[in-house]
Amino acid sequence: MKAIRVENLSKEYQLGEIGTGTLSRDIERWFAKVRGKEDPFLTIGEANDRTSKGTSNVVWSLKDLNFEIKEGDAVGIIGRNGAGKSTLLKILSRVTSPTTGTIKVKGRIASLLEVGTGFHPELTGRENIYLNGAILGMRKKEIRRQFDEIVDFSGVARYIDTPVKRYSSGMYVRLAFAVAAYLESEILIVDEVLAVGDAEFQKKCLGKMGEVSKGGGRTVLFVSHQMGSIAQFCTTCMLLRHGKLDLIGDTNGVINHYINEGRKDIGFRYEIAKTPNRDMFITSAAVLDEEQKEENIFKHNSPVIVEVEAFIKKWISNSELRMIIRDNRHLNVFTTDLELNELHKKDGSFTATFTVPGNVLRPNDYTVMLALLVPHQYHIEIIEEALSFSVFDNGTKYAQSEGTDYGMVFSPCITALKQS
């Protein structure tokens, strides 16, 4: 069964002053609206690309979206800032209406779009719980049945009879999420607001969303920039770009597509473009294979070598060279530091070599961050995405289950089998 069906959905926003500029055109627009016709001036518009200056005062925050979501699906929605993610959720939640297109929703929707959504600041936490339940069409006894669980999950029992205008942003989110998750709606919509909560509460929220989706059969839509959370929780993922649906499908595949777009300009060699005015700086770096040849694709059991060249104009005491390897979800796989004191305070160039042994990095795409720093004091230089490379599985038993998440690293354990 389909929980949500969206057909030809578009949302237009006008920049600057609202109006066509002339009274006659405003009347023409109004007359088309009362007759149920499309706005005659909507064709004048541009895609919502915030990186370029347009020529029109009309932009399409969303343009011609078509998709279906099944009941019980957990769907992640990703994309860069300004891609239209929050606009889509607001339209689905009926906070705003679409300019064109149709939406068919089966069931009640509980939304958590921003801190304090649906809360009245003058009412207490207790009163807001009942208010939100009433908005969803629930009876008072139904809300009362869930009340204790909501308060316990939110962790704000001490403040439940205090007006929510005195809550911190974290307390707001805790109570708002608990209300949305526990009150009996068929569809749960959650925007990036969970980032306001602490790590423990985020973990509770993800667990609860998984529970209501898999155990309760509720449909969940989740917007986040944390790819790890999307991959952990969502079975399906949508990628929006400039207001258009770029890709929808398996979560890992969509996340890889999204992240690899940002890696197109990252190669397996980094070279300085212009000599900076710093006492120490990195001049070049490269990813090498065991034969010292530049490479960006490695077998899982082959070593990966990162060679870094740097220059010292003036010695900085206690300085170090740091390398961090990150996977395709921007999670740090590991960090290693090289103390530079052994150079005996000499000026000039030096070369550092980092070797990652074979059977350590699991098959994945990786980026390398390089930095010169004085630990616990300050960074001299940071190159966030200096290099990139990929590791593939060339014949382990895990290769039969390609795409399965079996850990962050690929290192074999030291094991022993003893028969008594």
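This is a predicted model: local features need pLDDT of at least 70, side-chain atom pairs count only at pLDDT 80 or more; totals for chains, interfaces and linings use all residues.

The questions below move from the sheet to a helix and then to the nonpolar cores.

Visitor: What is the bridge partner of Ile77 in β8?
Guide: Strand β4 covers residues 74-78 and runs parallel to β8, residues 219-223. Four bridges join the two strands. In β8, Ile77 is partnered by Val223.

Visitor: Against which helices do the buried residues of α3 pack?
Guide: Helix α3 spans residues 125-135, and its buried residues are Gly125, Asn128, Ile129, Asn132 and Gly133. Because these residues cover an arc of only 135° around the axis, they lie on the same side of α3. The buried residues of α3 pack against α4 (140-154) and α5 (169-182).

Visitor: How many residues does α5 give to the largest nonpolar core?
Guide: The largest nonpolar core has 48 residues, and those touching the most other members are Ile78, Ile129, Leu175, Phe177 and Met209. The element that gives the most to this core is α5, and its share is 11 residues.

Visitor: How many residues are in the second, separate core?
Guide: Nonpolar side chains tend to be buried together in soluble globular proteins. The second core is separate and includes Tyr270, Phe298, Ile325 and Leu387. The size of this second core is 34 residues.

Conventions:
Residues are numbered from 1 along each chain as its sequence is written. Side-chain values use heavy atoms; hydrogens and water are left out. Two strands pair if DSSP finds at least two bridges between them. Buried means under 20% relative accessible area, exposed over 50%, partly exposed in between (1.4 Å probe, protein chains only). The arc is that of the directions from the helix axis to the C-beta atoms. Contact means heavy atoms within 4.5 Å. A nonpolar core is a set of buried Ala, Val, Leu, Ile, Met, Phe, Trp, Tyr and Cys residues joined through side-chain atoms within 4.5 Å.
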